[in-house]
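Subject: Structure handover

Hello,

Please find the structure below, followed by notes on what was found in it.

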Amino acid sequence: MKRCIALILCLILLRLPTHAAEQEKLVALTFDDGPSGRYTQRLLDGLEERNVKATFLLCGYRMEQYPTLTQKIYQLGHEIGLHGYSHKTLQHTCRQGAQREIQKAMELIPDGCEITFFRSPGGLCSKDVLEVAKEWELSMLLWSVDPKDWAVHDAAAITKSVVDRVKDGDIILLHDMSDSSVDAAFTIIDQLQEQGYRFVTASQLAAEKNITPRPGIEYRRFGA
Ligand SMILES: [Zn+2]
């Protein structure tokens, strides 16, 4: 009898960590290239309805165009990261060019907003860009799930591409630049929340996984 009880206890203990891990599936939605007027506004409304915080990698020239929307993203509690000023790719840019892109974008960030991440346009980088990012104490935020929403323009296909392959700790790349991307973001949230996923910002995802992002280092996902 004692052996039997011990065996049952062992089985319960073995099962506990698996169960805990199942409950704690985290994922971060990231949106590049905005703010972009009505698409960003629609996205913010839908995120608020679903009580989801996301990460917006903003372009400087668009923050100039939409300062109120930029402020709203910050005030609603979303995370803001930099996506350069002009959105030109930086892998062949000189050190001074990369410096200008980051500095000009940084000057447009709302007062009090702390920036942890830089996402180089296209995710394309060089040693110089990494060094400049490090000087600004910025980590490089890449992604692990890319449904290519900017090319697909089909909300159902974008959703399926993400939902089929997403895992705990993933960083999903989307763009708040079209209705199909915004529609997909909402169905992705609805379907993954039903599967027990919790949506957090990139910084929150890192913190939940006990990772402190280091300046000048690239991150594709946070977690095992
Ligand atoms: Zn981009």
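How are α2 and α4 oriented to each other, roughly parallel or roughly perpendicular? The axes of α2 and helix α4 (residues 67-75) cross at roughly 20° and come within 11 Å. Angles under 35 degrees count as roughly parallel, and α2 and α4 are therefore roughly parallel to each other. Please bear in mind throughout that this is a predicted model.

Helix packing

The crossing in which α2 passes α4 is left-handed. On the α2 side, the contact is made by Thr-40, Gln-41, Leu-44 and Asp-45, and on the α4 side by Leu-69, Lys-72 and Ile-73. By class, the residues of this contact of α2 with α4 are three nonpolar, two polar and two charged.

α2 also packs with α9, at an angle of about 10° and with the axes 9 Å apart. That angle makes α2 roughly parallel to α9. From α2, the residues Arg-38, Tyr-39, Arg-42, Leu-43, Gly-46 and Leu-47 take part, and they meet Asp-179, Val-182, Asp-183, Ala-185, Phe-186 and Ile-189 in α9. The contact of α2 with α9 divides into seven nonpolar, one polar and four charged residues.

α9 has a further contact, with α8. Helix α8 (residues 155-165) and helix α9 (residues 179-194) have axes 8 Å apart and pack at an angle of about 40°. α8 and α9 are therefore oblique to each other, and α8 passes α9 in a right-handed crossing. α8 contributes Ala-155, Ile-158, Thr-159, Val-162 and Val-163 to the contact, while α9 contributes Ser-180, Asp-183, Ala-184, Thr-187, Ile-188, Gln-191 and Leu-192. Seven nonpolar, four polar and one charged residues make up the contact of α8 with α9. Asp-183 of α9 is listed both in the contact with α8 and in the contact with α2.

Zinc site

Which residues are the protein donors of the zinc ion? They are Asp-33, through OD, and His-83 and His-87, each through NE2, lying 2.1 Å from the ion. The spacing of the donor residues in sequence is D-x49-H-x3-H. Asp-33 sits in the loop between β1 (25-32) and α2 (38-49), and His-83 in the loop between β3 (79-82) and α5 (95-106), so the pair ties together parts that are 50 residues apart in sequence. Asp-33 counts as buried, at 14% relative accessibility. His-83 also counts as buried, at 1% relative accessibility.

Backbone points to check

Most peptide bonds are trans, and most residues other than glycine have a negative phi. The following places depart from that pattern.

- Gly-34 and Pro-35 are joined by a cis peptide bond, with omega about 0°.
- Glu-137 is not a glycine, yet its phi is positive, near 60°. Glu-137 lies in the loop between α6 (127-135) and β5 (139-141) and is exposed, with a relative accessible area of 61%.
- Asn-210, likewise not a glycine, has a positive phi of about 60°. Asn-210 is in the loop between α10 (202-208) and β8 (218-219) and counts as exposed at 73% relative accessibility.

Phe-222 is placed in the segment after β8. Is Phe-222 buried or exposed? At 0% relative accessibility, Phe-222 counts as buried. Leaving aside neighbours within four places in sequence, Phe-222 is in contact with Phe-117, Leu-141, Gly-169, Ile-171, Ala-202, Leu-205, Ala-206, Lys-209 and Ile-211. Among these, Ala-202, Leu-205 and Ala-206 fall within α10 (202-208). Phe-222 and Ser-144 are 9.5 Å apart in space, C-alpha to C-alpha, and 78 residues apart in sequence.

The chain as a whole

The chain has 10 helices and eight strands. Of its 224 residues, 47% count as buried. How many of the contacts between residues at least 6 apart in sequence join residues at least 24 apart? The share is 77%.

Regards

Notes: Residues numbered from 1 in each chain as written. Predicted model: local features only at pLDDT ≥ 70, side-chain atom pairs only at ≥ 80, totals over all residues. Heavy atoms only, no water. Axes fitted to C-alpha atoms, helices over the stretch in contact; angles between N-to-C directions. Helix = DSSP H or I, 4+ residues; strand = E, 2+ residues; numbered from the N terminus. Parallel < 35°, antiparallel > 145°, perpendicular 65-115°, else oblique. Left-handed = near helix turned anticlockwise from the far one by under 90°. Contact = heavy atoms within 4.5 Å. Nonpolar A, V, L, I, M, F, W, Y, C, P; charged D, E, K, R; others polar. Donors = N, O, S within 2.8 Å, 3.2 Å for Na, K, Ca; no water. Buried < 20%, exposed > 50% of the residue type's maximum accessible area, 1.4 Å probe, protein only.
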